[in-house]
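Dear colleague,

I am handing over the structure that follows, and below it I set out what turned up when I went through it. Please read the notes with the coordinates open beside them.

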Amino acid sequence: MFAVMPYVFYKGLDTADAEALVAYLRSIPPSPLEHPAVELPFPVATAMRFVVADPAPETMTGPRDELAQGKYLAFAGACFECHTLRNDKGEPVGAPFAGGNIFGLEGGGLARSANITPDEDTGIGAWSREDFIARFRSRTPEALNDVLPKAGDMDSEMPWAAYAGMTEADLGALYAYLRTVPPVSAEVITFEPPAAK
Ligand code: HEC
């Protein structure tokens, strides 16, 4: 099993949430599509056995206050994973939530994950709770379908549409938690167009 999926960040999933995911997946129509088994060269295959950690659901089970809920979502919802600089092994090495991960785009440009620490100038410190929620709400699947990027355009890579339907309380909790992480002054250029020929 090759850990492309960020298992490590899901191991804190609340048991009830993990069960709800299983229940939902069992409700969708079965598909007979078969995919070839994963084959990995020897050193990678061995190394990967150590990547998948033991589950740790007890860390996040039960009711949470707003900050704990925000932290839970920031990890279970992959915000930390994308917004914290990782090395080529996928390990987080940068300041938490200060961004900088690079995504190659169709057409040759690149996107970088933004600095979402509460730094006023280079992060989202100047954003109000309303700004934050409105940004998520404006990126529904329908809205994004209207502005499909062409090769060479900015294509965020952040699954905005998947988050657009989160509840006001959950988005507010994410905002509240992100206000508590240490502000990091680090300018991130989130889009670089393809180099001019
Ligand atoms: C797959 C990677 C990925 C994931 C997962 C992800 N982001 Fe992002 N995010 C990005 C990238 C890349 C950008 C820069 C492009 C853009 O603004 O859309 C960005 C931009 C942002 C911005 C805009 C910042 C600005 O200055 O304009 C906010 C706010 C944000 N992300 C918050 C979050 C939160 C909260 C989560 C988790 C619920 C999250 N992101 C999950 C990749 C990701």
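To begin with the ligand, an oxygen atom of the ligand is 3.3 Å from an N or O atom in the side chain of R135. Please keep in mind throughout that this is a predicted model, and that the distances and accessibilities quoted here are computed from it.

A polar side-chain atom of S156 lies 2.5 Å from an oxygen atom of the ligand, while in the case of H83 an N or O atom of the side chain is 2.8 Å from a nitrogen atom of the ligand.

As for the site itself, the ligand takes up the space of the largest pocket.

Because R129 lies in helix α6 (residues 129-137) and E66 in helix α4 (residues 66-76), the pair ties together parts that are 63 residues apart in sequence. R129 counts as partly exposed because its relative accessibility is 30%, and E66, at 39% relative accessibility, likewise counts as partly exposed.

Another salt bridge joins E192 to R112, with 3.0 Å between the closest N and O atoms. This pair, too, links distant parts of the chain, since E192 sits in strand β3 (residues 191-192) and R112 in strand β2 (residues 110-112), 80 residues apart. E192 has a relative accessibility of 32%, and so counts as partly exposed.

The remaining one I would mention is formed by K150 and D153, whose closest N and O atoms are 3.7 Å apart; the cut-off for a salt bridge is 4 Å, so the pair is counted. Is K150 buried or exposed? With a relative accessible area of 61%, K150 is exposed, whereas D153, at 29% relative accessibility, counts as partly exposed.

With best regards

Notes: Residues numbered from 1 in each chain as written. Predicted model: local features only at pLDDT ≥ 70, side-chain atom pairs only at ≥ 80, totals over all residues. Heavy atoms only, no water. Helix = DSSP H or I, 4+ residues; strand = E, 2+ residues; numbered from the N terminus. Buried < 20%, exposed > 50% of the residue type's maximum accessible area, 1.4 Å probe, protein only. Salt bridge = Lys/Arg side-chain N within 4 Å of Asp/Glu carboxyl O. Polar contact = N/O pair within 3.5 Å; in protein donor to acceptor, adjacent residues only side chain to side chain. 1 Å grid on protein atoms, 1.4 Å probe; cavity = no way out; pocket = protein on both sides within 12 Å on 5 of 7 lines; lining within 4 Å. Sits in = over half its atoms within 2 Å of the grid points.
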